Amino acid sequence: MPLFESFKAFEMDVLKEVGNIGAGNAATALSKLLNKPVDMAVPKVSLLPFEEVAERVGGAEQIVLAVFLRVEGEAPGNMFFIIEEQSAKRMLNQLLSMNHQEEVGYSEMELSALCEIGNILAGSYLSSLADFTQLPMVPSVPAIAHDMAGAILSYGLMQYGEMGDSALLIETTFLEDRQSLEGHFFLIPDPESFNKIFKALGVDLG
Amino acid sequence: MTGQTLVKVGMADLNIAIEGAVLKTTGLGSCVGLTLFDPQCRVAGMAHVMLPSSDIARESQINLAKYADTAIPELLERMQAAGARLTRLEAKMAGGAQMFALGGSDTLRIGPRNVESCTAILGRYRIPILSADTGGNYGRTVEFDSYKGILVIRSVQHGVKEI
């Protein structure tokens, strides 16, 4: 089992590139869907205490929409596409001309549309990653939740629970039109997957 | 709630409260927010349990608050040191949801397993569970008042509930 604390700067950079390639393709897919340019922030790779993971999207109680996919195959892991409510509304508006009413909750149709958007983006993220690493990565059927960020993200941290109190995640943020639309990708590979990813990319862990 | 001291309990964390302080933990998904309360001396404790059993632990230094089977004894010890008596303790529970219904693997049933494990261990200590709000597919934030012994549960889909 790798000790994440001991990952060298170079290995962190490799994981950043993993995020860059995956999210780059997803950003292109989103840009095509919206028919607008989409900017992408430099990916962040961090070993975060569980408590701080949700801080990345506004805190444990922040209400977000999240599409979750379990990544199966050679390098299993968890993937989340998270958007805040404002961005979700804009996305529904721009993409589907669905005018979201200012009521609590979302209709089944709206959730299903957002879930499909997340599915398309995560699918392009993973397929480019699978091409890059030559490792088969198959996304599960997507699931969507409209809930507190802490409750949602903790679901993706369980694999880390038995070995420590922090998780390694690869995060990329999208921005469209100066933050009017913001989305986050979190790829949380299972602890055992890092060796396989590094090996596939020819990184010698020594 | 004004003027009351707030004691935050993080994920895989536990703490106790006395003198009317309020224990709070946020964003419970499959994790369980377990509270113990001694109504006579008004000592309360809360644990944010993440996993059902420490048998699977592979870490060198176990975080006692993370596993149901280690968090409950640790919480008992801390509460007894603060004056609580085991025979007077009452438990309440919230959380243990299944946020996403995917596949059938065991990891995905972690919420219900957390609840089952907490229930079994409380049974071993003969601590009664006064009330519980567990399961479902939604997140919860909980606050426990160490004076009144009331557990307040907030969720996005179902509003506020007191048990």
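This is a predicted model: local features need pLDDT of at least 70, side-chain atom pairs count only at pLDDT 80 or more; totals for chains, interfaces and linings use all residues.

1. Helices (H or I, at least four residues) and strands (E, at least two) are DSSP runs, numbered from the N terminus. Axes are lines fitted to C-alpha atoms, for helices over the stretch in contact, and angles run from 0 to 180 degrees between N-to-C directions.

2. On the helix 3 side of chain A, Ala88(A), Met91(A), Leu92(A), Leu95(A) and Leu96(A) meet Glu110(A), Ala113(A), Leu114(A) and Ile117(A) of helix 4 of chain A, contact meaning heavy atoms within 4.5 Å. This contact of helix 3 with helix 4 of chain A comprises eight nonpolar, no polar and one charged residues (Ala, Val, Leu, Ile, Met, Phe, Trp, Tyr, Cys and Pro count as nonpolar, Asp, Glu, Lys and Arg as charged, and the others, Gly among them, as polar).

3. The axes of helix 1 (residues 9-34) and helix 4 of chain A come within 8 Å and cross at roughly 140°; the two helices are therefore oblique to each other. Residues of helix 1 of chain A in this contact include Ala26(A), Leu30(A) and Leu33(A), and those of helix 4 of chain A include Ile117(A), Tyr125(A) and Phe132(A). The contact of helix 1 with helix 4 of chain A has twelve nonpolar, five polar and one charged residues.

4. Helix 4 (residues 108-133) of chain A has 26 residues and should span 38 Å at 1.5 Å a residue, which agrees with its end C-alpha atoms being 36 Å apart (the expected span is 1.5 Å times one less than the number of residues). Just after helix 4 of chain A, Gln134(A) takes a positive phi of about 60°.

5. In chain B, helix 1 (residues 68-81) and helix 2 (residues 110-124) pack at about 45° with axes 9 Å apart. That angle makes helix 1 of chain B oblique to helix 2 of chain B. Their contact is made by Ala68(B), Asp69(B) and Ile72(B) of helix 1 and Ser117(B), Cys118(B), Ile121(B) and Leu122(B) of helix 2 of chain B. By class, the contact of helix 1 with helix 2 of chain B holds five nonpolar, one polar and one charged residues.

6. Residues are numbered from 1 along each chain as its sequence is written, and chains are lettered from A and ligands numbered from 1 in the order in which they are written. Local features need pLDDT of at least 70, side-chain atom pairs count only at pLDDT 80 or more, totals for chains, interfaces and linings use all residues, and side-chain values use heavy atoms, with hydrogens and water left out.

How values were computed
Angles under 35 degrees count as roughly parallel, over 145 as roughly antiparallel, 65 to 115 as roughly perpendicular and the rest as oblique.
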